Every structure is written in C-alpha cells, then in structure tokens.
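Q: I would like a close look at a single part of this protein. Please take me through it step by step, and then show me how other parts are held in place.

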Amino acid sequence: MKRIPTNIITGFLGAGKTTSILSLLARKPENEKWAVLINEFGNVGVDGAILSQQGAIIKEVPGGCMCCVAGLPMSVGINALLAQKPDRLLLEPTGLGHPKEVITKLTSGMYEDYIDLRATITVVDPRHFADTAYTDNSNFQDQLALADVVVANKIDESTEYDLIAFEHFIESSQPAKAAIGKVQQGELELSWLDIERLERESQHSHHHHHSDSDDMAPLPEFELAPGQIFIRKENSGQGYRSCGWFFAADQIFDFSKLFTLFSNISAQRVKAVVNTERGCIAFNVVNQVVSINELSLDGFESRIEFIDKELLPWDELESILCSIVKKESL
C-alpha cells in the first residue's frame, strides 16, 4: 500500500485541538477519505463523538497518554485506520501526552512502509504564555519544542500583550519553526499539513507510567449494559485527575441547568456530548467559559468529563448530574 500522509495535531488542555481538526475536516478535498486517531486523558471519549459528525473514520485511545496507555491499543487503533486505506491520517494526542514518544512510534520500523509522517502541528492559546503554570510545564515545553508548525489559536480572545509574549517565546525556538500561524476557531491552513517534518529534540525525558487503564482496549460504541442508567470512570496522572460519566441514551438532561453547572464548576476542563431537550449538544468548557455546538446524533450515550489538578467532589457532581435529568426521561 502507499505510505499515508500523517500529521500529529498536539497542544495543551483547552488549546483547541479538536476544533482545529474539525476545521480541517470541513475543508478537506471532497474526494479524499481522512482518518483520525484520538487520544484523551479521560476515559469517556468525548472528542470522538464530536469528530464523528464530519464523516471521518474515527478510532479512540482513551485513558491517558497513548504512548503510556500501553503500545497495544495505540497500534491497534493505527492499524485499524490504515486498513481503511485513508488518504490522510491525523493523530490527536491528549493535551497531557508525550509527543516525542508518539513520533518515535510512528517513525519506527513497524510503520516506515505505511506512514509518511509530515509536520507536527502544535496549537496553543496565547494567553498561556504569561502563565508559568503552563510555560514551566514539561509537556507544554515539549509540545512546542517538537512542533514544526506552531499556531496561536483564539487570537480574537487574546490581548496584544498575549500575542507579543507568544511571538517572543516562539521566535527564540531553535531550530526555527517551519511556519507560525495566528487563527481563530482553529482554522488551520491545509497547506501546513504537507510541510516536511524536521527531526527535533524534546527538552525532557518521560518515563511511562502504569495505571489501571494500561491494558484497556479502545472503547466500544456502547458502554452501558441494558437497563443501566449511568457508569462513572476516573483517571489520574501527571498531576491531573479526571472523572467522566456515560449516561444512557434515554436520559434527557435539562439544558439550562447543565449550562449553569458547567459555567460555575471550577474544573480546568469540561467536555461533554449530552442528550438534552434541545437535542444532542456538545459542550466545551475552559476556565468556566462555555461554548456549545449542536450535533445530529441519535440513540447516543451522553458523555461528560471533568479534568482538574485538584480532586473535585465527584460524588456531589454525580448527584447533581442525576438530579438534572428531566423527569420525562426517567
């Protein structure tokens, strides 16, 4: 088979990786079939549900950095996508992942005859460059060090100072980046995908961690047993904790109450695809700022994920979520 053009789209939590991939899929050549391998820190696979709306072939590796969640699920996901003979493959590692390990895997002898690894694109939020919680983070630093293309997303929400801090940080990078972009809504240039990858060095070494998720296979389409209303899944690693829930497809949430909850919760990151009385809604929450997108999904299990550095009151959140399911769905 021909070698498939492949790109890694990386970036820290909330930078806009999924939005960027959605934008690329919406503008891909009509005659091409694209595939996406998604890796999430949490265990409920929210991003895959969102990206499935664009008609791409989707596979998921949930439960932490996919180079640490054991090589098998990652290889199974890649192999399943390559078997579909896509015209392009995109990989979205978790924002807490180690991009160097993913690059090493894709350039190994196992895939040299099948994958043509091109530019690694790192999406960033310029507002983070004034915050040492981000700039001192080893994963954040490595995502930038290994990028061939660095894209400042959300420039419409950034100040002039934010953009100057971003430019200063990136311009000091060696070797220089092949391209530097500034966009809104993750509108990456399609031409960036075909930029040649340059061998770059990460600034940190990473040791693979072991967790209860290490032997977990990619998530099936349905998680709940017949008659089961919801299940909860937790994960922790690299100083972060996540808790997620699957709710049965017949559980209909009150949109207004859910929006209010997401607006007031202190979690660093909230992602959800939820059945509401307004239809299936994707929620994306970064620092208590909520954005929504309507999806055309039917018979879909709702998925809700919270990520934060602190251990949040998961039991209390679970009770609140159960209480805002509309009565007619019970």
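Which residues do ring pairs link into a cluster?

A: Start with the rings. This is a predicted model. In it, ring pairs link Phe12, Phe129, Tyr134, Phe140, Phe166, Phe169 and Tyr240 into a cluster. The count of aromatic pairs in the structure comes to 14. One of them joins Phe12 and Tyr134, edge-to-face. Their centres are 5.6 Å apart, with 80 degrees between the planes. Phe12 sits in the loop between strand E1 (4-10) and H1, while Tyr134 belongs to helix H5 (residues 132-135), so the pair ties together parts that are 122 residues apart in sequence. Both Phe12 and Tyr134 are buried.

Now follow the chain into H1. Lys17 is in this helix, which covers residues 17-27. Phe12 is among the residues that Lys17 contacts, leaving aside neighbours within four places in sequence. Others on that list include Ile9, Thr10, Glu92 and Pro93.

Look at the charge of Lys17. Side chains of opposite charge can pair when their charged atoms come close. Lys17 is buried, yet it has no salt bridge. The nearest side chain of opposite charge is Glu92, at 4.5 Å. A salt bridge needs the nitrogen within 4 Å of a carboxyl oxygen.

Eight of the 11 residues of H1 are buried, so the helix is largely enclosed by the rest of the structure. Among the buried ones are Thr18, Ser20, Ile21 and Leu22. What covers them? The cover of the buried residues of H1 includes E1, strand E2 (34-39), helix H2 (46-51), strand E4 (88-92) and strand E5 (115-124).

Ile103 touches Ile8, Leu117, Thr120, Leu146 and Arg197, not counting residues up to four places away in sequence. The C-alpha atoms of Ile103 and Asn7 are 9.7 Å apart, although 96 residues separate the two along the chain.

Turn to Arg269 in strand E10 (residues 269-276). Arg269 counts as buried, at 11% relative accessibility. Its side chain makes a polar contact of 2.4 Å with that of Asn284. Contacts of Arg269 also include Leu13, Gly14 and Glu305.

Charges can also meet rings. The charged end of Arg278 sits over the ring of Phe255, 3.9 Å from its centre. Arg88 lies over the face of Trp34, at 5.6 Å from the ring centre.

The structure holds 13. Glu157 and Arg127 form one, with their closest N and O atoms 3.3 Å apart. Glu157 lies in the loop between strand E6 (149-152) and helix H7 (160-171), and Arg127 in the loop between E5 and H5, so this pair ties together parts 30 residues apart in sequence. Glu157 is partly exposed, at 41%. Arg127 is partly exposed too, at 31%.

Another salt bridge joins Glu318 and Arg232, at 3.1 Å from N to O. Glu318 is in helix H9 (residues 314-323) and Arg232 in strand E8 (residues 230-237), 86 residues apart. Glu318 counts as buried, at 19% relative accessibility. Arg232 is partly exposed, with a relative accessible area of 28%. Elsewhere, salt bridges that share partners join Arg88, Asp116, Arg118 and Asp194 into one network.

Key
Residues are numbered from 1 along each chain as its sequence is written. This is a predicted model: local features need pLDDT of at least 70, side-chain atom pairs count only at pLDDT 80 or more; totals for chains, interfaces and linings use all residues. Side-chain values use heavy atoms; hydrogens and water are left out. Helices (H or I, at least four residues) and strands (E, at least two) are DSSP runs, numbered from the N terminus. Buried means under 20% relative accessible area, exposed over 50%, partly exposed in between (1.4 Å probe, protein chains only). Lys and Arg count as positive and Asp and Glu as negative; His and the chain ends are not counted. Contact means heavy atoms within 4.5 Å. Rings of Phe, Tyr and Trp (its six-membered ring) pair if their centres lie within 6.5 Å; planes under 30 degrees apart count as stacked, over 60 as edge-to-face and the rest as tilted. A charge sits over a ring if NZ of Lys or CZ of Arg is within 6 Å of the ring centre and within 35 degrees of the ring normal. A polar contact is a pair of N or O atoms within 3.5 Å; within protein, one must be able to donate a hydrogen and the other to accept it, and residues adjacent in sequence count only if both atoms are side-chain atoms.
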